[in-house]
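Subject: Structure handover and notes

Hello,

Here is the structure for you to take over. My notes on what was found follow directly below it.

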Amino acid sequence: MNNDRAKSSSSSRYDAAVSALYAQISRSMEVENRERTVLEMREYMRRLGLGYRRSEVNFKVVHVTGTKGKGSTCAFTENIIRRVHGRRTGMFTSPHLLKVNERIRLDGKPICDNEFADTYFLVRELLLRASETCENNQFKDLPSLPGYFRMLTLMSIFVFTHHVSSNRLYHGVDVAILEVGIGGRYDATNVYDFHDACGISKLDLDHTNLLGNTLEKIAWEKGGIIKRNESSSSPRSFSVDCNGDGSLTVLRNCAYEAQGNLLIIEVGRRITLGEGWLLGLKGDHQIVNAELALALSESVMGYDSCHITLKNEEYVKRVKEALEGTTWPARCQRLEIDYSSHSLQFFIDGAHTLESIKCSLQWFRACVDTSLSQVLIFNCGHDRNPIPLIQQIQSQFNEGRFMFGSVFFCKPKWERSSANELPSIQSMLSECKYEVQLDKGIETSWIDGSWQQRLAILWKVLASKRRMYSEACAIYCCENMDEMLEKLKDKSSTKAVQICVVGSLYLAGSILDLVGYSETLSDGHIKYDS
């Protein structure tokens, strides 16, 4: 009985922390000045007794940005550092899929509910207390509590500094891996004035309203995480050669201005799939992230990635085991759920840019069993025009026919908050230079309906323009996951169904929740001496 009461109390405390944290989302949307982020984050760090200079930080820092693959790069890097080099790791990533705890990981596992709640309320108390005694006029208008993402970033650094393992043998981590939220230059994770290694993964057009509408502008934002290199000989900053010449030129200029040393990784030079190398994260595109992760892990451990070759057999063996053993939810992840005599085979990927969706569909095509039916589940946020993404999907064929027999547009269980209204179908079409009359074959009630209904109309309009298929592809709109699951079960009544999930990490997380996916949590607690 007492144990049940303790569990209930722990759950209530965690729920209270999450609710209070979510209340800070509106604050970040209203008052935060993006270009003052780093300055203000350092003030919050000071109030928490956390340093941002090399001499003040007890762990090494790996900082990763990019448009595609930055989360996968972090996962590969963490696994190599922990499994090959035996170091204790902390990792901060975003967004989360099921629970906000996932953003803060220790040795690859999300922190437990108790540690999350303890950290939130302790950090909150310290910030409120410090704001009452702040005498610096430069920060007189700084809110006592930061917004949502800033708060989570501060919490992660606090955990990496003050976590104590369950056996009480370890205090803090050896290496912290920080994934940028958006951009890099003005991101909350860019708080340190140093790094031990930083990586810039594949760039693509995303968040163009904030970062700019060209790859060169986006590269400038991402290149803002490059820091001064204390060593003149050994690179600490890395990118990949599959980025275009214009982007790489901008990144090199960023490194020059920061007095950094940027090395461009030749993808495929050291890791070649099919020659004894297997990656735990599926899809040929993951070799880019694995190569970058290998360079980052070697750099942070003090190796020279310019000259090191994979000749040491024991080292190679351990690196291969780490890469093959890497897991990262909703990145080319396959889950099979049995219902009655047949199954639903989910192929889940959080791809949400043109290039990443193309890579995801290539992975799915390689897994297709033509004796089974294939279904697509798609959603994306309404802050972006979905037409290019839909066009990318509709261009995919398998053995001369369109890849999917059915398409579901379903509202995720969770979505990113947005102050923007739903765009009209006509405005989205006009933006992409389409002149279309919305009459023939269109559900008129859907034109001003839900976002999912608008996506369905766009799908039909674009399909008719391509003239590739007509009624062969069945369209479904679902306002919740349970409704969609029942329809999918009906489709698997005679044989298994292969289901491709793309368009949004929020959609991918909702699918994982639907099928009951969960991760093992870390143990230990926070030990803070004021």
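L335 stands opposite F346 in β11. The model is a predicted one, so please read every value here as computed from it. A second bridge pair joins the two strands, with E336 partnered by Q345 of β11. In total, β10 and β11 (residues 342-348) are antiparallel to each other and share 7 bridges.

On to the other partner of that strand. β11 also pairs with β17 (residues 497-502), here in the parallel sense and over 5 bridges. Q345 has Q498 as its bridge partner in β17. Of the 7 residues of β11, 6 are buried, so the strand is largely enclosed by the rest of the structure.

These strands belong to an open sheet of 6 strands with mixed pairing, in the order β10-β11-β17-β12-β15-β16. β10 (333-339) and β16 (474-478) are at the edges with a single partner strand each, so one side of each has no neighbour in the sheet. From one strand to the next, the twist averages 20 degrees. Helix α15 (residues 451-466) packs on this sheet, where α15 touches β12 (373-378), β15 (406-410) and β16. The direction of α15 makes about 165 degrees with that of β16.

The other sheet to look at is also open and mixed, with 8 strands in the order β4-β3-β2-β6-β1-β7-β8-β9. Its edge strands, β4 (109-110) and β9 (262-265), each pair on one side only. Within this sheet, β1 (residues 60-65) runs parallel to β6, and 5 bridges join them. One of the bridge pairs is V64 with E179 in β6.

Next, two helices. α4 (residues 70-83) has 14 residues and reaches 20 Å from first C-alpha to last, close to the 20 Å expected at 1.5 Å a residue. It is largely enclosed by the rest of the structure, because 12 of the 14 residues of α4 are buried. Among them are K70, G71, S72, T73, C74 and F76. The elements that the buried residues of α4 pack against are β1, β2 (89-92), β6, α10 (286-300) and α11 (313-324).

α10 is mostly covered as well, with 15 of its 15 residues buried. The end C-alpha atoms of α10 are 21 Å apart, which agrees with the 21 Å that 15 residues should span at 1.5 Å a residue. After α10 comes G302, whose phi is positive, near 90 degrees.

Which residues touch the most other members of the largest nonpolar core? They are F116, F160 and Y192, in a core of 46 residues. At least two residues of this core come from each of α1 (2-22), α3 (37-47), β3 (104-106), α5 (113-132), α6 (148-162) and β6 (175-179). α6 gives the most, with 9 residues. Leaving aside residues up to four places away in sequence, F116 touches Y14, A17, V18, L21, V100, N101, I111, L152 and M155. There is also a second, separate core of 39 residues, which includes V368, L429, L458 and L462.

C367 is in no disulfide, and the nearest cysteine sulfur, that of C332, is 8.4 Å away. With 23% relative accessibility, C367 counts as partly exposed. For C432, the closest cysteine sulfur is in C380 at 12 Å, which is too far for a bond. C432 is partly exposed too, at a relative accessible area of 24%.

That is the end of my notes.

Regards

Note on methods:
Residues are numbered from 1 along each chain as its sequence is written. This is a predicted model: local features need pLDDT of at least 70, side-chain atom pairs count only at pLDDT 80 or more; totals for chains, interfaces and linings use all residues. Side-chain values use heavy atoms; hydrogens and water are left out. Two strands pair if DSSP finds at least two bridges between them. Helices (H or I, at least four residues) and strands (E, at least two) are DSSP runs, numbered from the N terminus. Axes are lines fitted to C-alpha atoms, for helices over the stretch in contact, and angles run from 0 to 180 degrees between N-to-C directions. Contact means heavy atoms within 4.5 Å. A nonpolar core is a set of buried Ala, Val, Leu, Ile, Met, Phe, Trp, Tyr and Cys residues joined through side-chain atoms within 4.5 Å. Buried means under 20% relative accessible area, exposed over 50%, partly exposed in between (1.4 Å probe, protein chains only). A disulfide is a pair of cysteine sulfur atoms within 2.5 Å. The expected span of a helix is 1.5 Å times one less than its number of residues.
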